Amino acid sequence: MAARVVLVAGFTHHDVADELWRASPESSLVRHDLSSLAEGVVRRWADGRLTVLELAHGCVSCTLRLDLVPLLEGLDGRVIVQLDPMLEPEAVCFALSETEVEIEAVVTVIDTATWLDDATGADSLADRGMRAAEGDERTVAQVVVGQAEFADALVLTGPADPVLTAVLDRLTPGAPRRQLDSLDVVDLLAAIPAGARRGEIDDGFGSLLFGRPSLEPAHGVSVVHFTDRRPFHPMRLHDCIDVLLDGVVRVRGRVWVASQPDEALWLESAGGGLRVGNLGPWEGERDQELVVITRFADAAEITAALRSALVTDEELALVSELDFADPFTDWHEEMEL
């Protein structure tokens with residue numbers, strides 16, 4: 001029988017994984033410490049037994065591929081996995097997607113005192129002394145937003161102010177929320193709705209409004225859902241990137257640039273961090289779809305900037321003849337989706 005895994009993520013210290021383990025006496029508890037990963041050392045506890053691993057290449061993907069995935073493939077029953085703070089559950093679920101391991105739920109712990117500042121700040125993991133390996137340029141915002149966004153349920157360390165509530169309502173609208181100090185983990189897992197993600201990896205071509213968040217603004221938080229059937233001019237899109245970073249909590253979307261007509265590009269940002277990837281050939285009709293969650297930014301200004309970056313009627317008529325300068329050609333890396 002394959003393992004049924006509950007992933008517990010979060011950027012702050014907590015004992016939620018231990019609570020889940022105690023509530024399920026037949027379960028196993030696994031946790032990793034990646035604080036020495038840059039030196040090629042990973043510490044793993046499985047039901048209290050410490051194993052120190054030395055990896056030839058200290059990186060997150062190596063840890064998943066060489067240790068966590070084979071470990072979970074060898075277990076059965078319920079397994080509670082407490083992820084290291086620098087791990088994003090989506091990457092773990094992707095690594096497990098080709099196995100028989102079932103993701104029962106992803107639970108993320110939100111530190112209500114720091115999460116919003118972290119999610120909109122510019123600190124890198126390196127700034128916090130948490131970089132997973134040489135070349136890990138992720139921001140703290142990318143990690144904390146990714147942990148919350150992919151969650152099936154959220155545990156809050158304290159009361160959430162109206163702005164944080166409004167952000168979470170739009171970032172992960174379907175996830176039930178519970179307070180840490182009164183947490184009933186059995187109730188929490190039971191409250192996860194039937195349509196929850198449960199580790200499912202999106203191919204990038206589906207609707208980006210997962211969970212149908214409200215598009216109405218609240219407490220200064222807004223959602224911009226931008227769609228269009230014409231391509232972006234690559235240089236004008238590049239020039240308006242700053243609009244997608246300042247005062248923005250999250251951007252996710254697929255874009256079509258006139259200079260790469262056959263390739264669907266993926267763009268996402270959190271705080272000041274930006275990723276651009278390649279989804280491969282278009283599946284079906286080409287279009288733009290971007291979802292932007294703002295905190296301070298003007299939603300109308302973002303929409304206007306994106307609209308102005310589209311090709312004009314004259315450019316569209318000559319698109320096959322024009323030689324576009326394209327800063328995205330060498331910028332992006334293949335997205336592992």
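The protein chain in this predicted model has an average pLDDT of 91, and 98% of the residues score at least 70. Where pLDDT is low, the predicted coordinates should not be read in detail.

Now let us turn to a sheet. Eight strands make up an open sheet with mixed pairing, and their order is S4-S3-S2-S5-S1-S6-S7-S8. At its edges you will find strand S4 (49-54) and strand S8 (177-179), each of which pairs on one side only. From one strand to the next, the twist averages 20°. Strands of a sheet pair through backbone hydrogen bonds, either parallel or antiparallel.

Helix H2 lies across S1, strand S2 (28-33), strand S3 (41-46), S4 and strand S5 (77-82), and runs at about 170° to S2. H2 (residues 60-73) also packs against helix H3 (residues 89-96), at an angle of about 70° and with the two axes 10 Å apart. Because angles of 65 to 115 degrees count as roughly perpendicular, that is how H2 and H3 are described relative to each other. Their crossing is right-handed. On the H2 side, the contact is made by Leu-64, Leu-68, Val-69 and Leu-72, while H3 brings Ala-91, Val-92, Ala-95 and Leu-96.

Is helix H5 (residues 140-149) mostly covered or mostly uncovered? H5 is mostly covered, with 10 of its 10 residues buried. Among them are Val-140, Gln-142, Gly-146 and Glu-149.

Strand S13 (residues 288-294) is mostly covered too, since being buried means under 20% relative accessible area and seven of its seven residues are buried. Gln-288, Leu-290, Val-292 and Thr-294 point one way from S13, whereas Glu-289, Val-291 and Ile-293 point the other way. Which strands pair with S13? Strand S9 (residues 222-228) pairs with S13 in the antiparallel sense over seven bridges, and there Phe-226 stands opposite Leu-290. Strand S10 (residues 248-255) also runs antiparallel to S13, joined to it by six bridges. In that pairing, Arg-252 has Val-291 as its bridge partner.

Finally, visit a few residues in the loops. The loop between helix H7 (185-190) and S9 holds Arg-198, and His-219 is found in the loop between H7 and S9 as well. Arg-198 has a positive phi of about 50° although it is not a glycine, and His-219, also not a glycine, has a positive phi of about 55°. Arg-198 counts as partly exposed because its relative accessibility is 29%, whereas His-219 is exposed, with a relative accessible area of 55%. Asp-323 sits in the loop between helix H10 (313-317) and strand S14 (333-334). With a relative accessibility of 78%, Asp-323 counts as exposed. Asp-323 and Ser-259 are 64 residues apart in sequence, yet their C-alpha atoms are 7.6 Å apart in space.

Notes. Residues are numbered from 1 along each chain as its sequence is written. This is a predicted model: local features need pLDDT of at least 70, side-chain atom pairs count only at pLDDT 80 or more; totals for chains, interfaces and linings use all residues. Side-chain values use heavy atoms; hydrogens and water are left out. Buried means under 20% relative accessible area, exposed over 50%, partly exposed in between (1.4 Å probe, protein chains only). Helices (H or I, at least four residues) and strands (E, at least two) are DSSP runs, numbered from the N terminus. Two strands pair if DSSP finds at least two bridges between them. pLDDT is the predictor's confidence in each residue, from 0 to 100. Axes are lines fitted to C-alpha atoms, for helices over the stretch in contact, and angles run from 0 to 180 degrees between N-to-C directions. Angles under 35 degrees count as roughly parallel, over 145 as roughly antiparallel, 65 to 115 as roughly perpendicular and the rest as oblique. A crossing is left-handed if the near helix is turned anticlockwise from the far one by less than a right angle, and right-handed if clockwise. Contact means heavy atoms within 4.5 Å.
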